[in-house]
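Dear colleague,

Please find the structure below, handed over for your records. My notes on a sheet and on charged side-chain pairs follow it.

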Amino acid sequence: RSLVVSLFFKAYLAISRKLCDAGIIAADSLPAKERSGADTFHTPVLRSAQLFERVSSEQNSCDPIGRPKIHSSALKQATGEAIYTDDIPRMDGEDYLALVLSTKARAKITKLDASKALELPGVHAFFSHADLTKHENEVGPVFHDEQVFADEEVHCVGQIVGAIVADSKALAQRASRLVQVEYEELSPVVVTIEQAIEHQTYFPGSPRYMTKGNVEEAFAAADHVYEGGCRMAGQEHFYLETHAAVATPRDSDELELFCSTQHPSEVQKLVSHVTGLPSHRIVCRAKRLGGGFGGKESRGIMVALPVALAAYRLRRPIRCMLDRDEDMLITGTRHPFLYRYKVGFTKEGLITACDIECYTNAGWSMDLSFPVLDRAMHHFENCYRIPNVRVGGWICKTNLASNTAFRGFGGPQGMFAGEHIIRDVARITGRNVVDVMRLNFYKTGDLTHYNQQLERFPIERCLQDCLEQSRYNEKCAEIAQFNSENRWRKRGIAVVPTKYGIAFGVMHLNQAGALINIYADGSVLLSHGGVEIGQGLNIKMIQCAARALGIPIELIHISETSTDKVPNTPPTAASVGSDLNGMAVLDACQKLNKRLAPIKELLPEGTWQEWINKAYFERISLSATGFYAIPDIGYHPETNPNARTYSYYTNGVGISTVEIDCLTGDHQVLSTDIVMDIGSSINPAIDIGQIEGAF
């Protein structure tokens, strides 16, 4: 109703302005401050500049590290020639699988009847929990608290109840709608964090606490104590390629899967669990993904497991790719958070204490919610030193699709709370928010509330560079003037610093492997445990191998990620893909260099091809595996107090100017400046693409 009235008023302003300009009514009958209310936003001409560190002039021209290099499959992607999972040509005898989904948020299944669907010509099978033992049906990435097919009870709309296999996609989807599912609804249905708090529906392990110093004493001594809160909703991943899987039986007891997943080893492990085949008879392959952002870290199993089961039982190739509406219904989002905090600070704005409660909406299963909450609790203070801290975390169980990993993995949600707190302090003390930020920034050598020392903390320099680059002070003055001259359009500017810890929160995932095969013609086939999601991991790994072996990148190729080349891999996630896999690639290269050293001594003027040819005839192995595990991490206050939680931190500062239309709520970002410190970039083109893409 408010919007409709605003639009009428906008039309009134537009007509009045035209009448004024035409001289039909007096020019001063529409005040100057009101005139811009008639405007609507138009996309401006985009202008951008990227600044990065140039490589030293002394660096060998063959050495690609630090140089902007094109994404390995950029040209194929631009022309549409890049092959994704569902682009794999149909095989002889292949069938399509369609999912039968729950239509209730919380209910008992009283009847499940697929007889009408199975009567359709071309429909071959229906799978449900009845086709698996209770043990086989229980799956999940960390805790086995999910089911391949809902058993007795459904916990959210979109939970998988069964699967239909038919000749074609259209037929399978039509048949899936004929499967009769009857429910007995249960209550309460819990959807929001507030409802979960009211009904006390938490997962075991809630609450969990982190403490440092004494918050009560600090509150008693503080000039100001303020209690507030903030919330952050979920976010849909919206990767361009939805979840997809193709499974093919090989022989009588082998399965090959092509899967759109960030974690092929997890898919392999759970397919083994569901089919009863050992892992060495299952190969999971991923050539490239059409985006993931965390949404394919653990959720790929929802499509891969029914497809693998059907292929194994029916002895024929099976395919499934979700439609966009199915994908959005079945998979979860970023974890929504609710924060309640109490903060103590001096009259100058120096924060002395914070007691904060973090509630996250996990959805119906645990999935990765515990590590997400841990990271949010580790990042709630963002870049600000708070000497006395108590952080509590609650994981709320609700009747929504299970929320999952999403770019930043709890870090952005935590930093969101820190930025609210710093603005509350600035508002109450009447000080400039940038001055309050600077007063509270961590310095090099400070300890976080989880006892990690900040060995190098360049946030002050990032901030200063960004303020200068964005002309912050000039823009603040321009904005104040604009706002005083326009009643219905307002502008604002925001400064946000970040501190992000690099490492998996789960200790055993901080490892990676690689395999390098050099062929007699000197060409190199590189395999590593990371998945190319579009983020440019493969070109970075090629650059690492090219420098380590001293050869041009044109001689190196990465075909795909496959569990039969590199086993037991972690997911490609948490911004550690190039750190872990790059070090594993270096390890393999060092082994090969050691073997080739005598040949190079013998033929100092030889070419790479001549050295490899000679090594082959000398019967020297030209294949090597590499391995890497991040050292000195895995902090635990009791069992491992001297270790670090994160390998290191990346820092950045962003400054954005935004204009809003107060009548309609429409808005436009006018300018953004970002300064990121990621160390020395392996590939500035890829890293800038990642930073801009993330923004």
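Asn517 has Leu525 of β20 as its bridge partner. Strands β19 (residues 511-518) and β20 (residues 524-528) pair in the antiparallel sense, over five bridges. Strands here are DSSP runs of E with at least two residues, helices are runs of H or I with at least four, and both are numbered from the N terminus; two strands pair if DSSP finds at least two bridges between them.

The model is a predicted one, in which local features need pLDDT of at least 70 and side-chain atom pairs count only at pLDDT 80 or more, while totals for chains, interfaces and linings use all residues. Residues are numbered from 1 along each chain as its sequence is written, and side-chain values use heavy atoms, with hydrogens and water left out.

The sheet is open and has four strands in the order β21-β20-β19-β23, with mixed pairing. Its edge strands, β21 (556-557) and β23 (623-629), each pair on one side only. Helix α18 (residues 577-602) packs on this sheet and touches β19, β20 and β23, where contact means heavy atoms within 4.5 Å. The direction of α18 makes about 140° with that of β23; axes are lines fitted to C-alpha atoms, for helices over the stretch in contact, and angles run from 0 to 180 degrees between N-to-C directions.

Turning to the charged pairs, the count of salt bridges comes to 41, each being a side-chain nitrogen of Lys or Arg within 4 Å of a carboxyl oxygen of Asp or Glu.

One of them joins Arg319 and Asp86, with the closest N and O atoms 3.1 Å apart. This pair links distant parts of the chain, 233 residues apart: Arg319 lies in strand β14 (residues 318-321), and Asp86 in the loop between α3 (74-79) and β1 (95-101). Arg319 is buried at 5% relative accessible area, whereas Asp86 is partly exposed at 32%; buried means under 20%, exposed over 50%, and partly exposed in between (1.4 Å probe, protein chains only).

Asp151 and Lys134 also form a salt bridge, at 3.9 Å from N to O. Asp151 sits in the loop between β5 (146-147) and β6 (153-154), and Lys134 in helix α5 (residues 134-137). Lys134 is exposed, at 58%.

In the salt bridge of Glu256 with Arg250, the closest N and O atoms are 2.4 Å apart. Glu256 is buried at 11%, and Arg250 is partly exposed at 37%. Elsewhere, salt bridges that share partners join Lys10, Arg489, Arg491, Glu659 and Asp661 into one network.

With kind regards
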